[in-house]
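Biologist: I would like a close look at one part of this model, followed by whatever surrounds it. Please keep the account plain.

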Number of protein chains: 2
Amino acid sequence: MKGNIIMKNGIENGYYHEITPQGFGLVIKAKEVLFSDNSPFQKVEVFESDSMLGRVLTLDDLMMVTEGDEYHYHEMISHIPMMQHPCPKSVLVIGGGDGGTVREVLKHKTVEKVVLCEIDGMVIEASKKFLPTVACELDNPKVEIRVEDAIEFIKDKKDEYDIILIDSTDPMGPGEGLFTDEFYTNIKNSLKKGGIMAAQSESPVTNHSEIKKMYEQLHRVFPIVSTYTSNMPTYPGGYWAWAFCSVDVEPLKYYNDERANEIIPTCKMYNKDYHYARFALPNYLKNLVK
Amino acid sequence: MKGNIIMKNGIENGYYHEITPQGFGLVIKAKEVLFSDNSPFQKVEVFESDSMLGRVLTLDDLMMVTEGDEYHYHEMISHIPMMQHPCPKSVLVIGGGDGGTVREVLKHKTVEKVVLCEIDGMVIEASKKFLPTVACELDNPKVEIRVEDAIEFIKDKKDEYDIILIDSTDPMGPGEGLFTDEFYTNIKNSLKKGGIMAAQSESPVTNHSEIKKMYEQLHRVFPIVSTYTSNMPTYPGGYWAWAFCSVDVEPLKYYNDERANEIIPTCKMYNKDYHYARFALPNYLKNLVK
């Protein structure tokens, strides 16, 4: 086609573009760059969009969080595993420096402590300053923030957490070491009896090879591995998957109605029917995660 | 922001853009325009994308069908209502000139006749020529193609169809008259006893006011109105809703396992668990369609 240009990810001429290796992606009208800097790990940027999405946080010019649709992701990564534990007290969030996952976890009154292990302090600081509705619980006294590499952090932990949520970037760059057999084994060892890990597991639409590899790893490490999905408007294909893994907890066998009844009125997405429906997968995805 | 340009929908400089009034949207790498013409109703265009989406059909520079993700839509609009009818013989498809819905409907061996009522013959011809995997059943002898306005076509029909599928464009332009109380009343009258209508009902992410208005209309006309949703990667927000309406059929009360067992192996998405899960809605959408 004549006159082709090569569109780069990031903001140019008033538009943010993010095009996947599969040749399609997301465009957002941008109003103003509020923050842009390089941490030791990645480029961290926040811009004000001219859209229903509000403010947007990107890392290395890849979409992480928008004010307008973040609840699609944060309600799913947290409440789906949390409601399947009778009394989650001790929670570890890996990545998730924006604070959205921590905010949802703290809706569960049983929780006594949340450790947030985020490698990049700049993500936490930028989120506190520019995404206050997302980062709003990061100063809660129940939260312990550890700005360090989760690979090292998890190594000596045994029998410590009821719930571990891996709210990481993709399996490239700073997040790469979070997608290995060794890391998952350490996660498994750090779970208490009856503990559950949920981990973001990429886009079923565009990340077939990444999903296949990740689930092969998870099946080698965890006796129980399941998958749930939900709509995520600003992630590739508008569709996202999470892994549900445990040594001893089968998915959808237990549900805590008491906490659910308190939390559902605070959620834009999450409810009990929606919870159960998340584990029904389309044929092509069943095949990828088996 | 300095240097802003106004990005128009359509193809320019090797990229197709479609930005919603909500300020974000879709970008696809384009390779070659295969067809572009104005019918009496709209601009009809087919391009070869440089992406996993393959060929793309747009109407008035709005996304209609891609070879790469069309099954997300066509399996849902058809099999969800069809499996809830014990013996669908007579089916009407309104719009859907690309033929994808007809292709899925004809997988049900009970079907004796499918009427395709599409206002724009150019959509049918372009699809036959450039989207053969989608339009492949349009010459099936069970299919009667009526190139005419469904508003007029449906007026004198009484007690004729087991299933009616409204596979229309948005409630603007040629599709506008398909979103009225009068049209829905004529649809209701043309359904046989035990008949079901399913209609595309826009994006839950971006079309809140359109969804609210449409469901108010449907509730005025049909005693039974329900909603189901699924991932649709190239539609706004990656998420789409369909209305399930009937005079006498409650959703999820009946399921035809015999036909399901034949058809599921031919589908990339559709299976029985996925079918049941489609009717579990996020809180914000429950509120819009009530």
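In which sense do strand β8 (residues 113–117) of chain A and β9(A) pair, and over how many bridges?

Modeller: The model is a predicted one. In it, β8 of chain A, residues 113–117, pairs with β9(A) in the parallel sense, and the pairing runs over four bridges. One position to look at is Cys117(A), which has Arg146(A) of β9(A) opposite it. Strands of a sheet pair through backbone hydrogen bonds, and the pairing may be parallel or antiparallel.

These two strands belong to an open sheet of seven strands in chain A, ordered β9-β8-β7-β10-β11-β13-β12, with mixed pairing. The edges of the sheet are β9 (143–146) and β12 (224–231) of chain A; each has a single partner strand, so one side of each is left without a neighbour in the sheet. From one strand to the next, the twist averages 15 degrees.

Chain B has an open sheet of seven strands in the order β9-β8-β7-β10-β11-β13-β12, again with mixed pairing. There, β9 (143–146) and β12 (224–231) of chain B stand at the edges with a single partner strand each, so one side of each has no neighbour in the sheet. On average, neighbouring strands of this sheet are turned by 15 degrees against each other, direction ignored. Within it, β11 (residues 191–200) and β13 (residues 239–246) of chain B run antiparallel and are joined by four bridges. Ala199(B) has Ala243(B) in β13(B) as its bridge partner. Helix α6 of chain B, residues 181–190, packs on this sheet and touches β10 (161–167) and β11 of chain B; the direction of the helix makes about 140 degrees with that of β11(B).

Next, the packing. In soluble globular proteins, nonpolar side chains tend to be buried together. In this model the largest nonpolar core has 182 residues, and those with the most contacts inside it are Ile164(A), Ala198(A), Trp242(A), Ile164(B) and Ala198(B). Leaving aside residues up to four places away in sequence, Ala198(A) touches Ile77(A), Ile80(A), Pro81(A), Leu165(A), Trp242(A), Ala243(A) and Phe244(A).

On the scale of the whole chain, chain A is divided into domain 1 (10–65) and domain 2 (70–289). The centres of these two domains, taken over C-alpha atoms, are separated by 23 Å. Where the domains meet, 20 residues of domain 1 of chain A are in contact with 19 residues of domain 2 of chain A. On the domain 1 side, the elements giving two or more residues are β3 (24–38), β4 (43–49), β5 (55–59) and β6 (62–66) of chain A. The largest share of that side comes from β3(A), with five residues. By class, the domain 1 side divides into twelve nonpolar, five polar and three charged residues.

Strand β1 (residues 10–12) of chain A is joined to β2(A) by three bridges, and the two run antiparallel. Gly10(A) has His17(A) in β2(A) as its bridge partner. β1(A) and β2(A) form a hairpin with two residues between them, and Asn13(A) in the turn has a positive phi of about 55 degrees. All five residues of β2(A), residues 15–19, are buried, so this strand is largely enclosed by the rest of the structure. From β2(A), Tyr15(A), His17(A) and Ile19(A) point one way, while Tyr16(A) and Glu18(A) point the other way. β2(A) also pairs with β3(A), in the antiparallel sense and over five bridges. In that pairing, His17(A) stands opposite Val27(A). The hairpin of β2(A) and β3(A) has four residues between the strands, and Gly23(A) takes a positive phi near 90 degrees there.

From β3(A) the account passes to the other chain. β3(A) and β3(B) run antiparallel and are joined by five bridges; in β3(B), Ile28(B) is the bridge partner of Phe24(A). The contact between the chains takes 45 residues from chain A and 45 residues from chain B. On the chain B side, the elements that give two or more residues are β2 (15–19), β3 (24–38), α9 (272–277) and α10 (283–289). β3(B) gives the most to that side, with nine residues. The chain B side has 24 nonpolar, 15 polar and six charged residues.

How values were computed
Residues numbered from 1 in each chain as written. Chains lettered and ligands numbered in written order. Predicted model: local features only at pLDDT ≥ 70, side-chain atom pairs only at ≥ 80, totals over all residues. Domains from an automatic or database assignment. Contact = placed C-beta atoms within 7 Å. Nonpolar A, V, L, I, M, F, W, Y, C, P; charged D, E, K, R; others polar. Pairing = 2+ DSSP bridges. Axes fitted to C-alpha atoms, helices over the stretch in contact; angles between N-to-C directions. Core = buried A, V, L, I, M, F, W, Y, C linked by C-beta atoms within 7 Å. Buried ≥ 20, exposed ≤ 12 C-beta atoms within 10 Å, placed from the backbone.
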